[in-house]
Amino acid sequence: MIKGQHPAQYGYRLLTPYRLRLTALTINSSQNMPRYREALISDLPSICVLGNEVNAFHHDNLPDIFAAEGEPERDRAHWLQSIERENATTFVAEVSGTLIGFVTVGIVDESHSLLQPLRYGRIGTIGVSFEFRGQGIGRSLMALAEDWAHARGAVDIRLNIWAFNDRAMRLYKELGYEIRSNFLGKRIA
Ligand SMILES: CC(C)(COP(=O)(O)OP(=O)(O)OC[C@H]1O[C@@H](n2cnc3c(N)ncnc32)[C@H](O)[C@@H]1OP(=O)(O)O)[C@@H](O)C(=O)NCCC(=O)NCCS
């Protein structure tokens, strides 16, 4: 698949009611409807801004763990990896030419001797601009990431979520994600 290709061209969409709605979104030519596509290097400045918003939310909840909001370009190298790296990509949602959401996803081949050999997709970060939340854009981005991983042979999809993030947790549960592990931490300083 060519990076930047329109999602309607992927040709592997499962026609669940939700994905039918996504198809309708992607082919709607109205200026105000989100358009979904893979990210290009030229999207990096906007992804940096959106990523900063996601990290600022995490910083508000765990200021001793997450960095405070900084110059957006600070994280450029981080977001670049999910555009350039083999077996990783970023999907973006845009409205009238402005990026309003993104999700990063990659492929992992499990090879640890204690674990079953398994290819899975790993969602890195998802974020939707505050004023566009609650309109199904997060779901659409998740569906694109899942379809992308599935098309590359992934049989499972995983992500990490911090315990304070009730809203994202609700969304993931609605999408069928189950809690498989709890990641614990304790301040000992
Ligand atoms: C998590 C996040 C990406 C979800 O994005 P979103 O676009 O708001 O997600 P959706 O709109 O698809 O779904 C969110 C909610 O809107 C509801 N919704 C979905 N489509 C809707 C529509 N057309 N109209 C109204 N509500 C809708 C969903 O049912 C869901 O409701 P809930 O919050 O009661 O569970 C977004 O809240 C965000 O960017 N949060 C900050 C960053 C973050 O926490 N990222 C995840 C880190 S793990």
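Around the second largest pocket, the lining divides into 15 nonpolar, six polar and 10 charged residues. Gly counts among the polar ones, while Tyr and Cys count as nonpolar. This is a predicted model, where local features need pLDDT of at least 70 and side-chain atom pairs count only at pLDDT 80 or more, while totals for chains, interfaces and linings use all residues. Residues are numbered from 1 along each chain as its sequence is written, and side-chain values use heavy atoms, with hydrogens and water left out.

A pocket here is an open set of points on a 1 Å grid over the protein atoms alone, where a 1.4 Å probe fits, with protein on both sides within 12 Å along at least five of seven lines; lining residues have an atom within 4 Å of a point. Leu159, Asn160, Ile161, Ile179 and Ser181 lie nearest the centre of the second largest pocket, and α5 gives the most to its lining, with four residues.

Now for the ligand: its space is the largest pocket, meaning that more than half of its atoms lie within 2 Å of the grid points. That pocket is lined by 45 residues, with β4 supplying the largest share, seven residues.

The shell around the ligand holds 20 residues, each with a heavy atom within 4 Å of the molecule. Here the largest share, six residues, comes from α5.

Definitions and conventions
Helices (H or I, at least four residues) and strands (E, at least two) are DSSP runs, numbered from the N terminus.
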